[in-house]
Amino acid sequence: GGEKYITIGNFLDDANTNTTYVGGGVWDFAYYYIDDVSVYYCDKDTSFLENLLIVPNAFTPDADGVNDVFRAKGNNIKEFHGEIFNRWGTELFEWSNVNDGWDGKYKGSYVSQGVYFYVIEVVYNDDSTEIKRGAVEVIR
């Protein structure tokens, strides 16, 4: 609560920004299409928060050292189990340590760009449980 501003952007230079030309003529303005926004508390010290599970909706496994691994974050997690599936329901990856994550590979090779699905189950320190199901986009 109490937020006054929101900043949305990719924060990359022109050479590293994907663009799509959408028409002719010379315009003095731009359109920005935003198809998904996640807002969550992102201070490094989240210890004051109780049971929390944050799951991103996209990552870029391209070995550039930035956002290369799909991983969940949270507080008070005692047990963790995550699974990644393709659109046909084939399990591609499974992990049980919240600090680990999926590097975008299946059987040693990077998967294609696209949407994949996750099921993440956690047990918190107070023995309550949470299951999150959703989609994650692999962006190349």
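**Rings and strands**

Tutor: A quick start, bearing in mind that this is a predicted model: Lys-105 lies over the face of Tyr-110, 4.9 Å from the ring centre.

Student: Nice. In what order do the five strands of the open sheet stand?
Tutor: The pairing in this sheet is mixed. Strand 2 (residues 58-59) runs parallel to strand 9 (residues 129-138), joined by two bridges, whereas strand 8 (residues 114-124) pairs with strand 9 in the antiparallel sense over ten bridges. The order of the open sheet is 2-9-8-4-5.

Student: Which residue of strand 9 is the bridge partner of Val-123?
Tutor: Let's work along the pairing of strand 8 with strand 9, which is antiparallel. Val-122 stands opposite Glu-130 in strand 9. For Val-123, the bridge partner is Thr-129.

Student: And which residue in the hairpin of strand 8 and strand 9 takes a positive phi?
Tutor: This hairpin has four residues between the strands.

Student: On to the aromatics. What kind of pair do Phe-70 and Trp-95 make?
Tutor: The structure holds seven aromatic pairs. For Phe-70 and Trp-95, the ring centres are 6.2 Å apart and the planes stand at 75 degrees. Since planes over 60 degrees apart fall in that class, the pair is edge-to-face.

Student: How many residues apart in sequence are the parts that this pair ties together?
Tutor: Phe-70 lies in the loop between strand 2 and strand 3 (73-75), while Trp-95 belongs to strand 5. The pair therefore ties together parts whose separation in sequence is 25 residues.

Student: Is Trp-95 buried or exposed?
Tutor: The cut-off for buried is under 20% relative accessible area. Phe-70 has 0% and counts as buried. With a relative accessible area of 4%, Trp-95 is also buried.

Student: What kind of pair do Phe-93 and Trp-95 make?
Tutor: Phe-93 is partly exposed, at 23% relative accessible area. The ring centres of Phe-93 and Trp-95 are 5.4 Å apart and the planes are at 35 degrees, so the pair is tilted.

Technical notes
Residues are numbered from 1 along each chain as its sequence is written. This is a predicted model: local features need pLDDT of at least 70, side-chain atom pairs count only at pLDDT 80 or more; totals for chains, interfaces and linings use all residues. Side-chain values use heavy atoms; hydrogens and water are left out. Two strands pair if DSSP finds at least two bridges between them. Rings of Phe, Tyr and Trp (its six-membered ring) pair if their centres lie within 6.5 Å; planes under 30 degrees apart count as stacked, over 60 as edge-to-face and the rest as tilted. Buried means under 20% relative accessible area, exposed over 50%, partly exposed in between (1.4 Å probe, protein chains only). A charge sits over a ring if NZ of Lys or CZ of Arg is within 6 Å of the ring centre and within 35 degrees of the ring normal.
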